[in-house]
Amino acid sequence: MADDNARPEPNLNGHQRESFYLRYYSGHNGRFGHEFLEFDFLDDGTARYANNSNYRDDTLIQKEFCVGPLVIEALKQIVRESEILKEDDSRWPPRSREGRQELEVRLGQEHINFELDKIGSLTDIQESDDPEGLRVFYYTSYLATL
């Protein structure tokens with residue numbers, strides 16, 4: 001779904017900057033409550049990280065930091081080359097009580113927001129209704145959060 005209000009902004013060189021946002025979430029509700037890991041990157045270089053684990057009374061860890069334009073460009077390249085924006089999650093395993101994974105990406109006028117069951121192994125991908133699409137999701141989300 002495209003955001004009609006997202007307009008490229010000029011960067012320092014006067015060129016148009018392509019809007020960009022990437023968020024990855026993996027979490028579940030279990031014995032220790034709501035546990036999750038989340039990253040997001042904004043086109044201005046703002047990056048946020050959150051990790052919530054109640055195991056042994058751990059607390060929520062939240063960090064916000066800045067990354068340079070080369071990191072944002074590398075993330076855009078991962079998104080473009082993976083072709084994740086062309087995927088359709090309608091045949092992917094829906095979220096379950098075991099947990100969920102989410103990947104949201106906005107690149108220019110394109111926007112996707114996938115929500116699916118947690119992938120436990122590559123066997124889960126192979127046995128799915130859409131192994132090729134799920135493989136693209138798996139590797140894109142892995143590379144984007146390295």
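**View 1. Asp40 in strand E4 of the predicted model.** In this predicted model, Asp40 has its place in strand E4. With a relative accessibility of 7%, Asp40 counts as buried, because buried is taken to mean under 20% relative accessible area. The side chain of Asp40 takes part in a polar contact of 2.7 Å with the side chain of Arg48, and it also makes a polar contact of 3.5 Å with the side chain of Tyr21. When neighbours within four places in sequence are left aside, the residues in contact with Asp40 are Tyr21, Leu22, Arg23, Thr46, Ala47 and Arg48.

**View 2. Phe41 and the largest nonpolar core.** The largest nonpolar core has 25 residues, and those that touch the most other members are Phe20, Phe41, Val79, Ile84 and Phe137. Two or more residues of this core come from each of strand E3 (20-30), strand E4 (33-42), helix H1 (69-82), strand E7 (100-107), strand E8 (110-117) and helix H3 (131-144). The element that gives the most to the core is H3, with 4 residues. Phe41, if residues up to four places away in sequence are not counted, touches Phe20, Tyr21, Leu22, Thr46, Ala47, Val67, Ile72, Leu75 and Ala144. As a general background to this view, nonpolar side chains in soluble globular proteins tend to be buried together.

**View 3. The packing of helix H1 against helix H3.** The axes of H1 and H3 lie 10 Å apart, and the two helices pack at an angle of about 170 degrees. H1 is therefore roughly antiparallel to H3, since angles over 145 degrees are counted in that way. On the side of H1 the contact is made by Leu75, Ile78 and Ser82, while H3 contributes Val136, Thr140, Leu143 and Ala144. Sorted by class, the residues in the contact of H1 with H3 are 5 nonpolar and 2 polar, with no charged residues.

**View 4. Asn51 in strand E5.** Asn51 has its place in strand E5, which covers residues 46-52. The relative accessible area of Asn51 is 24%, so this residue is partly exposed. A polar contact of 3.0 Å links the side chain of Asn51 to the side chain of Tyr49. Leaving aside neighbours within four places in sequence, Asn51 is in contact with Phe36, Leu37, Thr59, Leu60 and Ile61. Asn51 and Gln62 are 11 residues apart along the chain, and their C-alpha atoms are separated by 6.6 Å.

**View 5. Lys86 in the loop between H1 and E7.** Lys86 is placed in the loop that lies between H1 and E7. Its relative accessibility is 65%, and Lys86 therefore counts as exposed, because exposed is taken to mean over 50%. Although Lys86 and Gly133 are 47 residues apart in sequence, the distance between them in space is 9.2 Å, from C-alpha to C-alpha.

**View 6. The chain in which these close-up views are set.** The chain has 3 helices and 8 strands, and read along the sequence these follow the pattern β-β-β-β-β-β-α-β-β-α-α. Of its 146 residues, 37% count as buried. Among the contacts in the chain with a separation of 6 or more, 42% are accounted for by residues 24 or more positions apart.

Terms used. Residues numbered from 1 in each chain as written. Predicted model: local features only at pLDDT ≥ 70, side-chain atom pairs only at ≥ 80, totals over all residues. Heavy atoms only, no water. Core = buried A, V, L, I, M, F, W, Y, C linked by side-chain atoms within 4.5 Å. Buried < 20%, exposed > 50% of the residue type's maximum accessible area, 1.4 Å probe, protein only. Contact = heavy atoms within 4.5 Å. Polar contact = N/O pair within 3.5 Å; in protein donor to acceptor, adjacent residues only side chain to side chain. Axes fitted to C-alpha atoms, helices over the stretch in contact; angles between N-to-C directions. Parallel < 35°, antiparallel > 145°, perpendicular 65-115°, else oblique. Nonpolar A, V, L, I, M, F, W, Y, C, P; charged D, E, K, R; others polar.
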